[in-house]
Amino acid sequence: MKKSLLLISAFSLLVSCKSTEQKLYTSTTKNPKHLSKWAVVNGEWTAQDTLLEGTKNQYWAIVNLHKKLPDNYSIRFSSQVKDGTYLFEVMLDLKDQAFVGILYNTLDKKIQIEDRKLYSAKEAEKENAYIRTKNHIGQLPKYELKPSTKWVDWKIEKRNNQLYIWINQEEYVHYQNNHNLLQTKGQLGFAINGNAKIKNIVITPLKQADLLSPVEFKGKPKVLPFFLFSE
């Protein structure tokens, strides 16, 4: 009887740990070099408790989560960019080198959605870049931003073909997938042109009941482009 109770307790603990890991993907180790849940693409990265820090080398600091994102999800985290860091980028649904980039642009003072491509090491050498905007140049939305070097709280939700972004609890971006950019079963990543910290990353799958559009979501006014590049 004691053996049975012991086995049941061990199984319950295993299930509980697995459930927690599905929600919180950030490493909780105190070893600052431990990045087992992340694939480092470029730059210098360290992880401690629920804190990630990246510093670029010649180009960027880029890291991707090994585990794939759910079809629909809510992502919460906080970020802090260092002075002189002009781009902090959230990489959504990275798949076959393509992803949706959310650019926190401190130089241009905007937050913007872009259709992006992550190059392999050989391609990066040829292209002289690790990340480039692929298509739809000048067609995707931008929003005015007051960048800060303090901690910034993010909430990003993908609900079928809709993307919603809150920054510091303010409604910022509602993007409808008219350009067929949002993929499924892709990865989460971060790209930094400078130095930045990310902490408390929580990824929660959204249920069918959570997928209705928030009617009250207003977002910020879009910045209209001066011109469009030809494709």
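This is a predicted model: local features need pLDDT of at least 70, side-chain atom pairs count only at pLDDT 80 or more; totals for chains, interfaces and linings use all residues.
Seven strands make up an open sheet, and their order is β2-β3-β15-β5-β11-β12-β13. The pairing is antiparallel. As a reminder, strands of a sheet pair through backbone hydrogen bonds, either parallel or antiparallel. Which strands sit at the edges? They are β2, residues 44-48, and β13, residues 170-176, and each of them pairs on one side only. On average, neighbouring strands here are turned by 20° against each other, with direction ignored.

Take one pair from that order. Strand β3, residues 51-55, pairs with strand β15, residues 195-205, over five bridges in the antiparallel sense. Within β15, Ala 196 is the residue opposite Gly 54.

Next, a loop. Between β5 (73-81) and β6 (87-95) we find Thr 85. Is Thr 85 buried or exposed? Its relative accessible area is 4%, which is under the 20% cut-off, so Thr 85 counts as buried. The Thr 85 side chain reaches the backbone nitrogen of Asn 195 at 2.8 Å. Leaving aside residues up to four places away in sequence, Thr 85 also touches Thr 106, Ile 192, Asn 193 and Gly 194, among others.

Last, the cores. In soluble globular proteins, nonpolar side chains tend to be buried together. The largest nonpolar core in this model has 42 residues, and Phe 88, Trp 154 and Phe 190 have the most contacts inside it. Beyond four places away in sequence, Trp 154 touches residues including Ile 75, Phe 77, Phe 88, Tyr 104 and Trp 166. There is a second, separate core of 14 residues, and among them are Trp 60, Phe 99, Tyr 130 and Ala 191.

Notes
Residues are numbered from 1 along each chain as its sequence is written. Side-chain values use heavy atoms; hydrogens and water are left out. Two strands pair if DSSP finds at least two bridges between them. Helices (H or I, at least four residues) and strands (E, at least two) are DSSP runs, numbered from the N terminus. Axes are lines fitted to C-alpha atoms, for helices over the stretch in contact, and angles run from 0 to 180 degrees between N-to-C directions. Buried means under 20% relative accessible area, exposed over 50%, partly exposed in between (1.4 Å probe, protein chains only). A polar contact is a pair of N or O atoms within 3.5 Å; within protein, one must be able to donate a hydrogen and the other to accept it, and residues adjacent in sequence count only if both atoms are side-chain atoms. Contact means heavy atoms within 4.5 Å. A nonpolar core is a set of buried Ala, Val, Leu, Ile, Met, Phe, Trp, Tyr and Cys residues joined through side-chain atoms within 4.5 Å.
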